[in-house]
Amino acid sequence: MKLYQGTLLVLLSSFTASALAQSPKETATIRWGAAPQRELSAMAQPIPLKNTFCDSLYNIWCGSVVKGNNGKFYMLYSRWPRDKGHEAWITHSEIALARAERPEGPYRHVKVIFPARGNQFWDGVCTHNPAVIAYKNKFYLYYMGSTGKSYVKPHTAYENPNWWEYRNNQRIGVAVADDPEGEWTRFDQPIVDVSTDSTAHDALMVSNPAITVDDKGQFILVYKQVEKNGTIRGGRVRFGVAFAKAPTGRFVKHPQPVFEAEKGSKEWMVAEDPFLWHQQGVNYAIVRDVVGKFTGESGALALMVSTNGFDWKPAPYPKVLSKTVYWENGKPLDDKLERPCLYMEKGIPKLLFGAMGIDRRKHAMNVAVPLKYNGK
């Protein structure tokens with residue numbers, strides 16, 4: 001049986017006091033528990049066929065998992081009609097809810113959380129990129145919304161100027177609920193908008209929110225940003241970070257991009273699809289290593305660390321998962337894992353969820369990679 005050619009760093013509950021006292025510059029040397037990271041790198045297991053969430057009529061993307069107060073598990077996910085093509089996510093995606101008895105599933109669709117509500121709203125046409133957290137007996141769902149007025153012919157994307165209208169109208173919002181299966185309240189304005197300064201890193205578009213709250217009650221929101229360059233596509237794609245004292249904001253942006261490989265990097269995009277969490281004084285992010293700057297493998301997943309939320313460095317052993325992943329029967333899947341979501345129990349990673357294309361992205365699903373430590 002072939003194992004994943006990837007690594008995931010174990011988050012042990014027995015952090016040493018010296019590790020937690022590291023300064024930001026020393027973050028990259030943190031060792032987890034009593035063992036060096038290289039000994040804790042082989043947690044990812046092949047994917048059982050049962051660890052999939054798929055719908056014959058819809059492409060399923062994203063997938064953010066949270067445990068409800070009733071002990072059940074909920075996945076907030078993006079879906080859009082399969083017959084519209086993969087790139088129709090920007091015009092037809094809607095955020096939906098699925099439920100399971102166990103964290104790995106099987107998940108079953110419950111309802112659509114955000115149906116389209118009209119292009120007069122900032123998020124009235126498309127909702128996508130869900131990231132859910134539980135905080136003080138409420139659930140907060142961060143997401144991307146978009147709108148537009150132009151017709152986009154199915155199965156067209158980058159070559160269609162109308163497609164870019166919806167792409168560039170992406171903004172970030174939040175919705176609140178007392179229970180995942182209850183009513184979600186969304187708002188008439190985004191919580192993160194583009195900057196009014198035309199030279200800003202996020203002057204054209206913001207999307208892909210990832211959220212965590214640190215041990216001081218500070219909310220850290222990492223988001224995709226695109227700069228203007230006089231073209232419809234825009235310039236460099238980077239990630240920024242904003243901070244707030246409450247889950248619904250006001251979020252204050254940090255002026256510089258995060259997840260940079262080096263200053264002045266010329267690549268169009270370096271990182272993608274962050275998942276964010278805070279554990280015992282340290283912030284962590286799993287990102288897709290777009291051009292291999294962090295792991296040496298383009299398309300792999302990388303682990304980044306930070307003590308302050310804006311200075312991010314690769315972990316000493318940064319590879320979380322290789323580009324190629326495998327079924328339990330040893331066959332490789334035909335796509336890389338995107339939109340990662342880490343599920344943990346008592347500080348130990350148990351599952352790595354992610355979106356996966358099927359048959360060259362003619363279809364798409366969510367999968368759950370089992371993570372095992374010492375055979376458990």
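Which residues line the largest cavity? The legends below begin with that view.

The model is predicted, with local features requiring pLDDT of at least 70 and side-chain atom pairs pLDDT 80 or more, while totals for chains, interfaces and linings use all residues. Residues are numbered from 1 along each chain as its sequence is written, and side-chain values use heavy atoms, without hydrogens and water.

**View 1. The largest cavity and its lining.** N51, T52, F53, M75, E104, Y107, F353, N366, V367 and A368 line the largest cavity. A cavity is a set of points, on a 1 Å grid over the protein atoms alone, where a 1.4 Å probe fits but cannot get out; a pocket is an open set with protein on both sides within 12 Å along at least five of seven lines, and lining residues have an atom within 4 Å of a point. The volume of the largest cavity is about 30 Å³, where a volume is the space filled by probe spheres set on grid points joined across faces, edges and corners. Strand 1 (52-53) and strand 20 (363-370) are the elements that give two or more residues to this lining, and strand 20 provides the largest share, three residues. Strands here are DSSP runs of E with at least two residues, and helices are runs of H or I with at least four, numbered from the N terminus. By class, the lining has six nonpolar, three polar and one charged residues. Ala, Val, Leu, Ile, Met, Phe, Trp, Tyr, Cys and Pro count as nonpolar, Asp, Glu, Lys and Arg as charged, and the others, Gly among them, as polar.

**View 2. The largest pocket.** The largest pocket has a volume of about 740 Å³. Its lining consists of 29 residues, of which V65, V132, I133, F275 and L342 are the closest to the centre. Two or more lining residues come from each of strand 2 (58-67), strand 6 (126-135), strand 10 (205-213), strand 14 and strand 18 (338-345). The lining divides into 22 nonpolar, four polar and three charged residues.

**View 3. Strand 15 between its two partners.** Eight of the eight residues of strand 15 (residues 282-289) are buried, so this strand is largely enclosed by the rest of the structure. Buried means under 20% relative accessible area, exposed over 50%, and partly exposed in between, with a 1.4 Å probe and protein chains only. Strand 15 pairs with strand 14 (residues 271-279) in the antiparallel sense over seven bridges, and with strand 16 (residues 300-306) in the antiparallel sense, also over seven bridges. Two strands pair if DSSP finds at least two bridges between them. F275 has I286 of strand 15 as its bridge partner, and A285 has M304 of strand 16. The hairpin of strand 14 and strand 15 has two residues between the strands, and Q280 in this hairpin takes a positive phi near 45 degrees.

**View 4. Two aromatic pairs.** The structure holds 16 aromatic pairs. Rings of Phe, Tyr and Trp (its six-membered ring) pair if their centres lie within 6.5 Å; planes under 30 degrees apart count as stacked, over 60 as edge-to-face and the rest as tilted. Y158 and W164 form a tilted pair, 5.8 Å centre to centre with 40 degrees between the planes. Y158 is exposed, with a relative accessible area of 52%, whereas W164 is buried at 5%. The rings of F259 and W312 have centres 5.3 Å apart and planes at 65 degrees, so this pair is edge-to-face. F259 lies in the loop between strand 13 (252-253) and strand 14, and W312 in the loop between strand 16 and strand 17 (313-321), so the pair ties together parts that are 53 residues apart in sequence. F259 is buried, with a relative accessible area of 2%, and W312 counts as buried at 5%.

**View 5. Backbone exceptions.** Most residues other than glycine have a negative phi, and most peptide bonds are trans. A cis peptide bond joins G105 and P106, with omega about 10 degrees; P106 lies in the loop between strand 4 (94-100) and strand 5 (108-114). C62, in strand 2, has a positive phi near 60 degrees and is buried at 1% relative accessible area. R360 has a positive phi of about 55 degrees and is exposed at 77%.
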